[in-house]
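Subject: Handover of a structure model

Dear colleague,

Please find the structure below, followed by an account of what was found in it.

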Amino acid sequence: MPVTALALLASACTVGPNYRRPADATPPAFKETAGVAWTPAEPGDALDKGAWWTLFGDPVLNDLCARVAVDNQNVAAAAAAYDQARALVREARAGYFPTLDVTPAVTKSGGGGSNGTIVTTGGGTADGGTTGTGTTGGAGSGTGSTGSSNVGSTGSGTRYRITAGASWEPDLWGRVRRSVEQARGNAQASAADLGNARLSAQSDLATDFLQVRALDAEIALVDATGKSYDRALTITTNRYNAGVAAKTDLLQARTQVASTRGDLAELVRQRAVLEHAVAVLAGQAPATFVIQPIKWSPVVPAVPLALPSALLERRPDVSAAERRVAAANAGIGIEVAAYYPNLTLTGSVGESATAIGNLFTPGAFFYSLGASLAQAVFNGGLTGARVAAAKAAWQQATATYRQTVLAALQDVEDQLAGSRQEALTTTLRQAASSAADETERLTLNQYLAGQIAYTDVVTVQTTALTARRTLVQAAVTQQATAVAL
């Protein structure tokens, strides 16, 4: 038919701007990699980074990070949001197809008096009914009409009708295509959000877990040092009772023991808080979750690095922001399509009779075909306002994308700088701790020989303990930087 041919021809038109990825400030290389030999990263997508946590060599960490994808409730919520977004894509695609419906109806009519009226409802008219839409044929009229007939005497009757109808709005200006494009962009952004939620939860869990391991090492260190302080207190007490040491030496020894025990209690508290956090990230109640302490040997894996351009393809937050720009771009086309007329094609066929047994007989058949063209002539600037709003939404999404790129580049530069400097810091902390341990040993021997006051011992012991704890903290900071990278 000419109308159908016109609709198919016009369906090739798609209004609104075609999408182009926004330009960003991606540099050719990272500033903080100057003079550093990095291993090129393997290609990867925005969602799956592989089991990167296995590089830290802790079986418990491996198990917990693997469970995040299943048991973490933030990840579960993001997965449900992704499922919803995919369903919305299917909903948008439904606009390509006509809608079909079947309507069975039973009508009772009656009236009395010389001017009695028979009224029918339910999508049909009495025989001899009136107007249909488009071209009408057969017994009865088009659907959706109400007919009346003046009769001269009392009468009543029942009419049975079954109607199959169809309507279709051809996608003349690409409104449906842009809707599908927008829904697909949002679904892809939701997929990246899911990847980001999973990656963030695993990163947080790994960071907290490694901090628990470091606190276990620090607790063991402070506990062992506290026991040595207890022995020093016993020696000082004996020397005081023998009249060799002053009371101030005894008081300083007691102060040192109490202070160290206070530090130990604070470390235990911090560990408990972090263990609770790991439990929640793993999808468990803290009351049922325990991380058993082990002897800690910190592993700092070498982190491969890609060029900045490849980074943008690997980070799910950047991917999500870029896909939202694409969705916003499609939204402009959806609103621009409102400037153009909409064509609606309708049709129906059915059977109508006064008895069920007479349905589907030649005289009961009717049909209706129609076409309508609607164009908004005046709506008070509504269409223009919606187009302007869609363009502003695109500008907002574009600015958000560019800011996300800049933040991603900043994150990597920060971690690169930290990684390089923390490696040097750990080396220096190791040297300082070794020197402090030796100084502590020599100073304690001098005190026992009566060559120096206990004040000197306390100072040196405090310095040595601080150096040991700082070394542990430097190692876990290196691990946290590796996780972030």
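In what follows, a residue is called buried when its relative accessible area is under 20%, exposed when over 50%, and partly exposed in between (1.4 Å probe, protein chains only). The model is predicted: local features need pLDDT of at least 70, side-chain atom pairs count only at pLDDT 80 or more, and totals for chains, interfaces and linings use all residues. Residues are numbered from 1 along each chain as its sequence is written, and side-chain values use heavy atoms, with hydrogens and water left out.

Overall composition

The chain has nine helices and seven strands; helices (H or I, at least four residues) and strands (E, at least two) are DSSP runs, numbered from the N terminus. Of the 485 residues in the chain, 38% are buried. Among contacts (heavy atoms within 4.5 Å) between residues at least 6 apart in sequence, 84% join residues at least 24 apart.

Nonpolar cores

A nonpolar core is here a set of buried Ala, Val, Leu, Ile, Met, Phe, Trp, Tyr and Cys residues joined through side-chain atoms within 4.5 Å. The largest one has 49 residues, and Leu61 and Leu205 have the most contacts inside it. At least two residues of this core come from each of α2 (59-71), α3 (73-93), α4 (175-241), α5 (247-281) and α9 (454-484). The largest share, 16 residues, is supplied by α4. Apart from this core lies another, of 12 residues, including Val318, Tyr401, Leu409 and Leu416.

Leaving aside neighbours within four places in sequence, Leu205 is in contact with Leu61, Leu64, Cys65, Val68, Val278, Leu281 and Ala282.

Helix α2

In α2, Leu61, Leu64, Cys65 and Val68 are buried. These residues lie on the same side of α2, because they cover an arc of only 95° around the axis, the arc being that of the directions from the helix axis to the C-beta atoms. The buried residues of α2 pack against α3, α4 and α5, whereas the face turned away from the buried side carries the exposed residues Pro59 and Val70.

The 13 residues of α2 should span 18 Å at 1.5 Å a residue, and its end C-alpha atoms are 18 Å apart, which agrees; the expected span is 1.5 Å times one less than the number of residues.

Cysteines

A search of the whole structure finds zero disulfides, a disulfide being a pair of cysteine sulfur atoms within 2.5 Å. Cys65 is buried, with a relative accessible area of 0%, while Cys13 counts as partly exposed at 34%.

Individual residues

Most residues other than glycine have a negative phi. Phe360, although not a glycine, has a positive phi of about 65°. Phe360 sits in the loop between β6 (342-353) and β7 (365-374) and counts as exposed, at 61% relative accessibility.

Thr260, in helix α5, is buried at 6% relative accessibility. Leaving aside neighbours within four places in sequence, Thr260 is in contact with Val222, Gly226 and Tyr229.

Ser309 belongs to helix α6 (residues 308-314) and is partly exposed, with a relative accessible area of 44%. Ser309 and Ala29 are 280 residues apart in sequence and 8.5 Å apart in space, C-alpha to C-alpha.

Yours sincerely
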